[in-house]
Amino acid sequence: MLDKLLNIGRLIWYNKERMVLLVVMVVLFYRIYVVFNPPEHAAEAPPALPHKEVPEELQPPSPSPRPPLKVPANFSGLYNKNPFWYYSGSGGANDKKEVKESDLGITLHAIRDVGGKLRAQLSTTSVPKRWYDQNEKFEQFELVEVNPEDNTVVVYSEQYARRFTLHMK
């Protein structure tokens, strides 16, 4: 009895590749048969056409209105001070003393309304008496606001990263 089991085990062991090949061939021939003779499918109803309108209960809620943007007028703080350096915000030459309008080297001479635009005549240390429009940039400054009632202008300095109010002399 044991000899018969050993013979059957050897037969299976020596012919295992042929058996696997036989199983693979049977599966392959079955798939070829299905390709050439496909089974008939029962007639199905065509899918329903989509609706143009979505029912009220299935509609998503409308989004809330977008909040108004509060954009700061000046972005120079982003590039004037290095955010990757520990000492960038302290100990600079500009922080040691308080800067006044007279230290800027700008003088306001006149304010006029020309064609609906407010203009200011300013002189700096390098340019004597020139007319500038509101929101115009010059040298390292920007003329932010012109106030003809008070005879003042607001000038933003990129060097000091702040606004200064100049009065007419």
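Modeller: One term first: buried means under 20% relative accessible area, exposed means over 50%, and partly exposed lies in between (1.4 Å probe, protein chains only). This is a predicted model, where local features need pLDDT of at least 70 and side-chain atom pairs count only at pLDDT 80 or more, while totals for chains, interfaces and linings use all residues. Residues are numbered from 1 along each chain as its sequence is written, and side-chain values use heavy atoms, leaving out hydrogens and water.

Biologist: How many salt bridges does the count come to?
Modeller: A salt bridge here is a side-chain nitrogen of Lys or Arg within 4 Å of a carboxyl oxygen of Asp or Glu. By this rule, the count comes to 3.

Biologist: Which residue forms a salt bridge with lysine 16?
Modeller: Lysine 16 is partly exposed, at 33% relative accessibility. Its closest N and O atoms in the bridge are 3.6 Å apart, and the partner is glutamate 17.

Biologist: How many residues apart in sequence are the parts that lysine 117 and aspartate 133 tie together?
Modeller: Their side chains meet in a salt bridge, 3.7 Å from N to O. Lysine 117 lies in strand E2 (residues 117-123) and aspartate 133 in strand E3 (residues 130-133); strands are DSSP runs of at least two residues, numbered from the N terminus. The pair therefore ties together parts separated in sequence by 16 residues.

Note on methods. Helices (H or I, at least four residues) and strands (E, at least two) are DSSP runs, numbered from the N terminus.
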